[in-house]
Amino acid sequence: MRRYVMAMVLVLAAVCGARAQQPVSVAEGSSVTVDSAFAVSQYDVADRTVLSVSLLGQRQILLQGLKAGTTTVTLSGAGGENRVIEARVSKNVTDLIRNITVALDDIPEVEVVQAGDKVLLRGVLASMANRNQVKKIVAAFGDQVLDLTTLEMPPELLVNLREGLRKANFKVADEAGSADSNKPGTLTVNGSGNMVYVSGAVYSPDDAARVNEIVAGQRWLVVKTEKEDPGAIDKYVASINVSVVPLMLEVDVAFISVSEEENKKIGVNLLDAGLMTIDLGGAIIGDAAGRASSGSGWTKTDGVRTQDPKVSTRERSGNQGESLTYKVATDLSGTLRFFTQENPSRVIHRGQLHFRNGSPEWRQLHSGGTLKVRLTSERDAKMEDIDYGFILKAKGGLKNADTASLEVEFELSTPSQMPGSEDYDIRRDRVNTSVDCPVGNTMVLGGANSLLDSVDVKGTPFLKNIPLLRNLFSEKTSGRTDSKMLILVSPHIASDMGSAAPVSAGNAAIIEMSEKPAAERMQDRR
């Protein structure tokens, strides 16, 4: 019994030791000898179509490959010894190299090299078409072929993409690491293997979207997504990493009044002063599309009931007439010096707006007052602040390194108490426009006289308390004044201003006040 147990232990140890040995490899049509630690009395082949076995001696056997595949050979000795050999038969390397060489006849840059029972493909591929062909060949011949080729992107493809971006008015560095490649507003385009890398910073979300559109429009490229494996795509793959320059914009604003005669001479006088005025002609104040908006009478705003006091609102857009927009080649301070050199009282109000480059939120400058009313509906009632006076709103961002694109909205609202009632009527005139202004320069926006056409001071005590309007209207006269109101807008990048002084001494207080909620502004006035 004890001898039987020892024999079983030895057999199991021999089998386990045999299975731990490395597989034996042999090519089709070739043979290899294998030595045995014991005298082989018999053997067995699992798949005789893959491998044939013959004894060369008591302790040596011959394995001959018949066809590609894997099988096992079990050796047994007279004393109960056993050994299992794993045999792998590969295709004939010589025939394989010949067949692969024929398949790669149209791709001369690929070198076919034998490495033992493997075939290596080496070289630098000149096109995506060649890369795809090599991938098909490797897949057809199986895991005996190793693909070590690399892809080199044709330089003309990168050159064409750079030129396409430049034609769209983007600044593109010639190569990564150059002096301009790290500057804000500059893009870089580089290639590695089948990847194209487009990176850099632009000045607006619209520009970032435009870069994506141009790259995606290349027929030889596909834009990489997070889920896709670049190696599995049969085109060059673009990785886009373009951000918007994180800058703060400051917009200096001033409102000035000029006479009808002075308004007609603005262009000539600016030219004589050497301020390089550009008369934009058709760029009159209008809606966001640059068209002049004209009113067709009052339009009642329905759906709102107010109490304590009651307020009704009416809105209209102004008729802009023939007023022009001027681009002045100096900042707001220089422009104000030009307009006030003969009459300092022309400046009605000054202020400043701050917003992040490209922010969709409006920033507001308010000169006037606030009515606190209670809005009632069938379900509930709530208190609400209604601003009146002159309200200027702006938003936008940099169009490029030198130009800011702004949306500007002007509003003049005038409350009046209805005769014999505690109710109030608020009339609102609004004018919208979009302007492109060089950073550090000033846009002079004309045409705001339409906002003043219908203002009636008589019986409207609020107007004499609005700083912006008290200089335009007498205390008890009514009707239209012959003054023209001009709006001066001057954008600049906050980081470029350093320690420059504000436009006016009270500028900081104006900015702080304009950014507060209406309720806080009313509390501060009290």
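**Exercise 1. Work out which domains contribute at least three residues each to the lining of the largest pocket.**

Step 1: Get the domains. Domain 3 (155-245) and domain 4 (339-497) each supply at least three lining residues; the bounds come from an automatic or database domain assignment. This is a predicted model, where local features need pLDDT of at least 70, side-chain atom pairs count only at pLDDT 80 or more, and totals for chains, interfaces and linings use all residues. Residues are numbered from 1 along each chain as its sequence is written, and side-chain values use heavy atoms, with hydrogens and water left out.

Step 2: On a 1 Å grid over the protein atoms alone, a pocket is an open set of points where a 1.4 Å probe fits, with protein on both sides within 12 Å along at least five of seven lines; lining residues have an atom within 4 Å of a point.

Step 3: Find the centre. The lining has 15 residues, and Ser 204, Asp 206, Gly 396, Gly 397 and Ser 405 are the closest to the pocket's centre.

Step 4: Pick the top contributor. Strand S26 gives the most, four residues; strands are DSSP runs of E, at least two residues, numbered from the N terminus.

**Exercise 2. Describe the aromatic pair of Trp 220 and Tyr 236.**

Step 1: Check the geometry. The ring centres sit 5.8 Å apart with 75 degrees between the planes, so the pair is edge-to-face (centres within 6.5 Å, planes over 60 degrees apart; Trp counts by its six-membered ring).

Step 2: Check burial. Trp 220 and Tyr 236 are both buried, meaning under 20% relative accessible area with a 1.4 Å probe, protein chains only.

Key:
Rings of Phe, Tyr and Trp (its six-membered ring) pair if their centres lie within 6.5 Å; planes under 30 degrees apart count as stacked, over 60 as edge-to-face and the rest as tilted. Buried means under 20% relative accessible area, exposed over 50%, partly exposed in between (1.4 Å probe, protein chains only).
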